[in-house]
Amino acid sequence: MNTDQYFDPLVISRLSNLQLRARHVVEGLMSGVHRSRSRGFSVDFEEHRAYSPGDELRHIDWKAYGKFDRYLVKQYEDETNLYAHLVVDASASMDFGDGPLSKWAYAATLSSAMSHLLLGQSDSVGLVISHETEDVQVPPKSIRKHLLTLLAGLQAATPGGGTGIARSMLDLAERLKRRGLVVIVSDLLDDPEAVEKALKLLCLKGSDVIVFHILDSVELEFPFEGLARMDDVEIDRNITVECEVVKRPYLGLLEEFLEQTRERCADLGVDYHLVSTAEPLDRGLIRFLAWRSRSRV
Amino acid sequence: MSFQFLHSALLWGMGLVFLPILIHLLRRRLVRRYRLPTFEFLLRTQRRITNRSRLRNWILLFLRVCAVGIIIFLASRPLLETEGGVAGVGWFPEHTVAVIDNSASMAFETGKGSRFDVSKRAVRRMIEDMSDADRMSIAATAGEPAAAPLKELKREDALAALEQVRQTDAKGAPARVVRHALENASPKAGRRNIVVFSDFARGDWESFQIRNLKQWNPHVHLQFVRVAPEAGVEDLSFQDVKMKPWPPKAGFSFTIGARVFNRGEEQKSKVPVRLYVGEELQETIEVDLEPNGASPVSFRVNAPEKGVLYGRLELPEDNLSATNRFYFAAGIGKRLRALVIDGDPKRGLQDSETFFIVNALSAAPLGGESPVLTRVVASYELNNVPWDEYDYVIACNLGRWPDRAKQGLRSFVEKGGGLFWATGELSNDKAAGLGWLPATAKVPVTLRPSRSLKITQGEEAHPVFSLLGINGGRFFSALRLARITPLAPARGGRALLELPDGAPVLVVGSVGSGQVMVWGSTCDRDWTDLAVRPVFVPFMRGVSDFLGGTHKGVSSSADAGEAFEIRAPVRRVGEAIQIRGPAREERAIQFTEKASGSEPAPAEGLRLGKAGSGGAVAYYRDAYRAGFYRVLTPDEKHFVAVNAPASEAKISPVEMSIFKEKLEKLDVRDLPANDSDPLRSILRLIDLGALLFLALGGIFVAEAFLADRT
């Protein structure tokens, strides 16, 4: 399989299961890479897993070998290096997409893949699925089984209602007791001042914040033509526009919004990434891993 | 100022201006729905641009409507009508044909010159107003050759051509000239105009008809200018002039009758009507005339014994002088002179052929005179005969006669004289030395039983038989011939009368310029009963007319504008004669040979008028003014009376409604006589094509700019 296909939204869209999607993406990302994990030593045994080449021989559980006649490696609940919170926007605006993946599907797949990676590195991963008024929260854990919980949470969520991403970030900031990583996956179609305020608070709490700003190619390019009636996806309102007439000013306003967001993030030291749903998923993940490796250093 | 359209039917396409609006409305109905999460940005965008965009959209819609309208307007070729002449505006060269009515009625005085003068002033202004690229052609309704090519003239040449156009007393042919102009206006010019200046008098325009024009060119603007209509139609004129008998007989009186017509709205009393014979006032009659009424007048005039009679009827001067005079002229009939030669004078009077011949030729109506003067001579008297005093010779049974006379007779015949040679016991062409006759005579023979005569087949229409009426042969079938001199046609001779078995009895032929007839019997009662038959008189008068020419009186009159004919003996072919017109202008015309026809050429002198054919003929085609045209020759004095055609007296204009029926594209404007700027009466058609193209280009640029801004 061509490695590009691991990240192609079209290919991913054919995988219905979020777990499969996450694994698919991560496997694609790791294929060809040395698979030795940078897992730390642990004192609390958690589980066995099959030996794979690259594992240190000293970690082989010889007793288990004697018992099961196959190489098993002991895994321990490692000390967590990092407390990561994934805040995924599940507003109605995320339930939009012109391509194979909607913004929500893209965000969920990206979050799943990141969870996979983080958990694979024994980081604790928590999840906040942001709705307009209240969030679905999954507390951070570092055990691998936690991935299933996270994925189940994502899979169970249905995007809808208004945007509450700023509020969710504020709530999270208030709850954070340790420094860690906060990954925001949202279209950020909320009050920019409130979003800035929430990001600022997260930063003040000492967290590293990564923002994956998910937008659909339709939103970014406005490819409509002729006379069109535009419906708001969150509120029941619409306008009729001459697409050729409004295209340029619309894109101007959008660019202005993106630039402001980018600048605010830069000012706060927030790692900002604008991601189009038409882009392959690995780009977002590579950015994330790049950040992760920087943070290790 | 108004619009004209060359393709006005295309204006129906103006409904297409609603097409952009329709498209706009249809597009609104075909609006598509989309969901957009970034709706807020769109909303803010829309708020910001709504007013400006709406205005721009309205402007765009307006421009598109205008563009469609202009395209349709352009296709229908709009022309802006403005006053001020026909000169172009510089975009395209113009070719203008100025048609000037120069018929007799246009001589009507307006107080600022005649209507013709007013027309010429207006045309002069048109020419002065021309641009250098424009071209002008000048055409006149009277006096122009029928198919003269239209010369496209520059300004100076057009002015010169205009000066050549003259007022005539002739009838105009406006339909012919306008048709010719329409068919020949320059196809190279961007715009073509035909401007007709006329009074639209009934005389010329009642019969105007160009509806059946082969090819109506929509690119030619035809306009009519009614010249000085305010001058009215006040005029006195002669109508129905009749002269009886005409031409008059020498020395007899004749009557001139006419009606004097008053076309004015005022009663006129004691209007003097004068009769001039020659240059002398003969009589004046005063008549009272009701408005639009007529009154008859009648004069009795004595014709002179010989020569030419000429004169005129005259009314007091008024606005149109051409209709105030009626000219008449006629040549008084000349009596033929015949020499009758008696070849056997010893016989008694009543037995003599000359007795019967002279009596037949001298026959005259009751109280009248014979047209033939006869002289009888004996054969031995022929030496002293002045041959040139006679028009023809009748020789009866001529046997022996002087040789000098033989030469004289032959010379006389060859110069155009006529000869009737009747045979008899003594006559023998060899003995008479007449070997040049068109028939040879043999020894006389007796016919037992006697025979009748018949006209040779194909010769029934010969002038000799012209007085016998239809089926003249029946007269000859009743004749009896007991003895004849058998004839054999020779030297081009042909039989006119023959026996039932076909033997020729009367042979005719030419000798030099003269005509000769050979009769194979006698003219007394010895050989035939012809001399005592009723047919003898008309037969001999026919022979006389044929050999001597019909020297009847000739009416010498013509209508102005018509060519008249002057005929002469064939020997005058090539000779030139001078004609002096009423304005004392002189012009030479030349005789040419005219094919022989039913009427013979005059034996001598000239014959005026239009009738007849044969001999030498000269045509005078320049008689455009009324008056006398004199033929100037040293020994002759001839007049031709030329009058304005009677129809030219009908000077009231045609009803425009009738006129419009005849000409669909009618455009008539009035040109007052005292208008200081005559161009105001002439429409200028400005082709708006270039202007509309510019506007369309501007609209497209603006549309593209605005559309691009969106």
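Buried means under 20% relative accessible area, exposed means over 50%, and partly exposed lies in between (1.4 Å probe, protein chains only). The model is predicted, so local features need pLDDT of at least 70 and side-chain atom pairs count only at pLDDT 80 or more, while totals for chains, interfaces and linings use all residues. Residues are numbered from 1 along each chain as its sequence is written, chains are lettered from A and ligands numbered from 1 in the order in which they are written, and side-chain values use heavy atoms, without hydrogens and water.

Chain B contains 13 helices and 38 strands. Helices (H or I, at least four residues) and strands (E, at least two) are DSSP runs, numbered from the N terminus. Of the 710 residues in chain B, 52% are buried. Contact means heavy atoms within 4.5 Å. Among contacts in chain B between residues at least 6 apart in sequence, 76% join residues at least 24 apart.

Helix H7 of chain B spans residues 353–362. Seven of its ten residues are buried, so H7(B) is largely enclosed by the rest of the structure. The buried residues are B:Glu353, B:Thr354, B:Phe356, B:Ile357, B:Val358, B:Ala360 and B:Leu361. Their cover includes strand E15 (336–342), E16, E17 and helix H11 (536–548) of chain B. The loop between strand E16 (372–378) and strand E17 (392–396) holds B:Asn384. B:Asn384 is exposed, with a relative accessible area of 67%. Its C-alpha atom is separated by 8.2 Å from that of B:Ala405, 21 residues apart along the chain.

The next topic is the nonpolar core. Such a core is a set of buried Ala, Val, Leu, Ile, Met, Phe, Trp, Tyr and Cys residues joined through side-chain atoms within 4.5 Å. The largest one has 45 residues. Those touching the most other members are A:Ile184, A:Leu199, A:Leu202, A:Val211, A:Phe222, A:Met230 and B:Leu42. H9(A) supplies the largest share, ten residues. Another core, of 42 residues, lies apart from it and includes B:Leu447, B:Ile455, B:Cys523 and B:Ala531. Leaving out residues up to four places away in sequence, A:Leu202 touches A:Met169, A:Leu172, A:Ala173, A:Leu176, A:Val182, A:Ile184, A:Ser207 and A:Val209.

Two packed helices are described by the angle between their axes and the distance between the axes. Axes are lines fitted to C-alpha atoms, for helices over the stretch in contact, and angles run from 0 to 180 degrees between N-to-C directions. Angles under 35 degrees count as roughly parallel, over 145 as roughly antiparallel, 65 to 115 as roughly perpendicular and the rest as oblique. H6(A) and H7(A) pack at about 20 degrees, with axes 8 Å apart. They are therefore roughly parallel. A:Ile165, A:Ala166, A:Met169, A:Leu170, A:Leu172 and A:Ala173 in H6(A) meet A:Ala194, A:Val195, A:Ala198, A:Leu199, A:Leu201 and A:Leu202 in H7(A). This contact has twelve nonpolar, no polar and no charged residues. Here Ala, Val, Leu, Ile, Met, Phe, Trp, Tyr, Cys and Pro count as nonpolar, Asp, Glu, Lys and Arg as charged, and the others, Gly among them, as polar.

H7(A) also packs on H9(A), at an angle of about 20 degrees and with axes 10 Å apart. These two helices are therefore roughly parallel as well. A:Pro192, A:Glu193, A:Glu196, A:Leu199, A:Lys200 and A:Cys203 in H7(A) meet A:Arg264, A:Cys265 and A:Leu268 in H9(A). Five nonpolar, no polar and four charged residues form this contact.

Helix H4 (residues 103–120) and helix H5 (residues 146–156) of chain A pack at about 170 degrees, with axes 10 Å apart. They are therefore roughly antiparallel.

The peptide bond from B:Arg448 to B:Pro449 is cis, with omega near -5 degrees. B:Pro449 is in strand E20 (residues 445–451) of chain B. B:Phe200, a residue other than glycine, has a positive phi near 55 degrees. B:Phe200 counts as buried, at 0% relative accessibility.
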